[in-house]
Structure formats: C-alpha cells, structure tokens
Amino acid sequence: MTILGIDLGTTNSAMAYIKNGQPEMIVNSRGERTTPSVFQKNLSGELVVGSVAKNQYSSLPEQTVLEIKRKMGTDDKVMIGDSSFTPQQISAHFLKYLKQAAEDFLGEKITEAVITVPAYFSDAQRKATKIAGDIAGLKVERILNEPTAAAIAYGLDHPESEKNIIVYDLGGGTFDISVVRLDSQRIEVKASAGNNHLGGMDFDRLLVDWLAEQFAEQYEVALFSFGEESEITQRHARVKLEAENVKKALSSEQEATFNLPFLAVYDGQPLSLDYTITRSEFEDIVRPLLMATLEHVDKAIRDAGLRPMDIDDIILIGGATRIPLVQQLVEEKFERVAKKDINPDEAVALGAAIQGAMKEQSLPEESSLMVIDVCPYTLGTDILRIVDGKRESGYFDILIHRNAPLPVSAKKIYNTVNDNQTTIDIGVYQGDDEDTHVRDDLRITATPIIVDGIPENKAGKEKVEIAFHYDVNGLIQIEATVLSTGRTISHVLDAQRGMMSARQVKEAKLELFDDWEKSKLASDMKAVIRRAKKVRRNAEPQQAVQIDAAIQRLEHAIQEADIELVKEREEALLDMLMDIID
Ligand code: AMP
C-alpha cells in the first residue's frame, strides 16, 4: 500500500512515492511534476485544479482561489458565487485532485499520505492541514516539516559523511530555515525559524505595486481605480500573473517587460501597458524582504549553537530561491556555494515519500534514517505574578522552549490564587523564549481551557499540574490534574480558531464528494450542451426557445446532481436536436 508524499504548497503542489526503494515524482493528468495550487469552480459548476485553473484565472478571477495556504488555521471563508468554502475545504479539493491523479498514475487506491507544512506553521495551521486531508479521504500518517523533508531527501542521496547543513526554503508564501545535522543514520534538526507570511507571492505583489506606480506617473490616475468592479478584478488578476512571469524572467535575464495588451479602457481609449524593469531595480525592491530572511537564518544558527563557518552544505529549496539575489545573499553569508544537485521544486515531496516509506518500513535497511525534528515555537501559559505587592496578570510562563527535540512534554504545578477558587483557566500561547508577557496574537486557544472541580480551599492551597505535550506532527495536547483529587482534564487543542468539529468534517466530506460528482456531470454534459448551442444558431426562433429551455432543464438537473434526471434530460435534449436536424 503506497503512502503518498504530498508537498501542499502555497503556489504549487507536488507528489512522490517510492519505487524500487527510491523516491520518484508522480506526474498529474497533464504530465506535470508540479501542480499549481489554484482552484476554480467555473460557472457551470465544474471544479478545475492546477494549470488549467491558473490559465483561466484572469478571465474568471471571482471563480478562482489562489494562495489558500496563507489562510489555513484561520476562520476566514472564501466565496465563489453563492458557495462559501473554508480554507480546509479548498485545500481538501487540491488533495482530492492530487489523490485522484496519483491513483490514476499508480493504478491503485491511495488512502494514506504524509503531508508537508512549513516548519514554522502553528498548531492551528497543522490541524487545518490534517483536517483537509481527512475531508479529501486521506489518512494523514504524518505532518512533516518542509525543510526536514528536503533534508531527508538530501540525506538519502548523501549518506557518506557527517555534516551540518542549512535548508533555506523560500516558497510561494512561506519562508523557513532549518539547521540540520546529518550522518549516515540520523537526520537531526537542530533549530528552525521562519516567517509564514513571506514568499514569492510577496515579490509579485511588490512588482504589481511598481507597475501601478509607473502607470500612475504616466497617466495620473491609479491603475486599479477606474472601470467596473469586475473589470478591476480582472485587470488585477492579469497584472498579478504578468508580475509573476516578469519575476521569473528576471532570474535568467537582466531585464523583463510587463506586456499587457488592451489591459483597460480609460477615457474611451484602450490602454496597452508595456513597461520594462531591470534585474537591479527588482533586486532593490525585494532586498529588504530578503535581508529579513537572513535575520531568521542568524537566529536559527545561533539557536543551534553554531557559527556560519560550521555549516558544510547549503540546500536551497522552494521556487523563489531561483532568484539570483537570494543565492548571492545566502552564499555570501556562508562564504560557500549552494548545492545545485537538488531540485528546489521536488525535494520536499520526495522527502515526504521517504518518510511515508520509513513509517511503513518498506525502504531497504541501509536507507532507513532516524529523523529528529524540533518544536519551532516556545510554548507556555499565562500566569499572575505579585509585583511590589500587587497582582499583575499576563505573564508568559514557558513550559517548552523553542527547538526542543520532538516529541516533547513538560509539566509545571500552579497554585490557586483566591480563597475557594474552584476553577483555573489555562491559556495556551506560542511565542519566543524572549517573550515575557502574553499577547492576543500569541494565543492558540480561542477560549481558555477550563479546569473545574477544584475543592474549595484557602488561596494557594490547591495545586494543579499542567502538562504540555508536543508530538512529532507538531500537534499540541494539554493535560491538567488537580493534585488533591486526582481529577484530570485532557484536551487536544481542537476548539481553536477556524477548527472544525467531527460532525463538520463529516459534512464537508459529503459536500466535497457531491461537488466532484456535480463537476463530473457538468463536464460530461459539456459536449452535449455545446452541440445544442451549435444547432441553436441555425434553428428557427421557436426551436431556439425549445433548445434554450431544454438546456436550462439539463443544467438545473446538473446543479441538483441528480444523475437519473441528468440522463433523462440529456436524452430529451439529444432527441430534440435529432428532430430539429432531421
Ligand atoms: P514553491 O511554493 O516552492 O513552488 O515556490 C513557488 C514560488 O517560486 C512562486 O512564487 C514562484 O513564482 C516562484 N518561482 C518559481 N520559479 C521562479 C524563478 N525562476 N524565479 C523566481 N521565482 C520563481
């Protein structure tokens, strides 16, 4: 049974499996090794994923969802027409598509997967990813950190020596840096740092801003301020896609041109844009963001107890590391050349497949590696302190320090602070070792976990032991025990922002299934409807009205996903067309 390795990226996704003891990429139905993470529900209810959806983005911007990974772990919703989707549901659609593509490629059913996430993903973001897997019908065997996956792929290829490596991962939406110790048997992450909101899409956005400035200078009007709202949305989509093309071109060329014919109509005049930007102008635009990544690199190296000179190999992964300035800055920092024998788009999926095979113990013994990862955050709770005789709340009390090897557990005992206090609220926060106070944005529980049933007693007399467990998937569990009674409360952190209950997951699964059924019906019926519209062009007016009505009835049945009714109405339409043609 194959455990699929899935790199579920912000802009691109990829999958791999193990063939004869070696990881191999899986191509999708279009023969591509990576699939753009773009989802579309077109006007006829068809679901489209990947390059086709990306190519149609500028004509159907309101039907298209991009970069959903940025929203994982939030309760933001995405609307397409009248349908509302959670980020987990959109991700589930990608996973369902990838699962199907892998099944077609391998000729077997796939039910399990290792899915990668940025090392710096929070507990809520990881849970949302796992839920997306559930909705898509995949048991998620492991949530694996992306740089760790790349290190696994690299380690399998370079078993020869002991090394310290850094994995610098700059993808479409996220940045991670991991410092990893490799030897022939172990892959040990020493430290991870990163930013979940920094990646290639931010460079695209800066290029869009640059273009808008050029435009405003030339035409004295803001590029996205005139025309109907739908036109502005389409214009923005076209400019955004072109910005990505320009950015990519600048990785190999010294200058590139935004080529946007008939982008807009202004003052009754059609406008075609044609602006050229040089690589050095682009570098000036993105340099501050890239310098920010180096600060994370410094932090991770420091946390690992190393100096830049202790690093033997530099591994660059994620599409955005193709930008020459990225390579230059990292290579200057470490005074060595980055490894070129690793594919930045594929290493993560390959590593995920290896991890899956290790779990199943289906790899040759010499390829089996022990993988030790770390918790990228410092985890703790909020407490009250007496300062100068006054009670002050909101102090961050650390239970698990960042970069602790996984799995890790820690406990502390806390006292009641009031007479006859029968409950204690546990807030769970993720921050940094340097944080002294909790803040709302560090909180990872939507509401505190309440420990009740504490016997009435004098302040300070009752004690509650709080334990935090952080597992290999990066998921947190909390346990609280009232010491005087032995009463224990266990709590997997699922009541968080954007989380779904078991019932909601089940409903989402059915909905997803239903959406793909409808999509299949819509796609199967496309040829018939196209034919009907063709016949209609040469039909008598009365016949045209009849054809329109029959098409409408068929479309309605598709919307209802009523297979029997669709078949019936398809036949009725075909009979009508035959009669008309006769
Ligand atoms: P990933 O999530 O690893 O697939 O990375 C995707 C990001 O890499 C997107 O923002 C792409 O636009 C960007 N990217 C891909 N190829 C290049 C390239 N040749 N030069 C610059 N950025 C690139």
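1. A residue counts as near a molecule when one of its heavy atoms lies within 4 Å of it. By that criterion, 15 residues surround the ligand, and the closest are T11, E244, K247, S251 and G319.

2. This is a predicted model, in which local features need pLDDT of at least 70, side-chain atom pairs count only at pLDDT 80 or more, and totals for chains, interfaces and linings use all residues. Numbering starts from 1 along each chain as its sequence is written, and side-chain values use heavy atoms, with hydrogens and water left out.

3. Polar contacts here are pairs of N or O atoms within 3.5 Å. An N or O atom in the side chain of S251 is 2.6 Å from a nitrogen atom of the ligand. An oxygen atom of the ligand is 2.9 Å from a polar backbone atom of G319, and a ligand oxygen is 3.3 Å from an N or O atom in the side chain of T11. On its own the ligand has 500 Å² of accessible area (Shrake-Rupley method, 1.4 Å probe), and the protein covers 88% of that area.

4. The largest share, three residues, comes from α6. Domain 1 (3-199 + 286-372) and domain 2 (200-285) each supply at least three residues of the shell, with bounds from an automatic or database domain assignment.

5. P159 sits in the loop between α4 (146-157) and β12 (163-170); strands are DSSP runs of E, at least two residues.

Key: Polar contact = N/O pair within 3.5 Å; in protein donor to acceptor, adjacent residues only side chain to side chain. Helix = DSSP H or I, 4+ residues; strand = E, 2+ residues; numbered from the N terminus.
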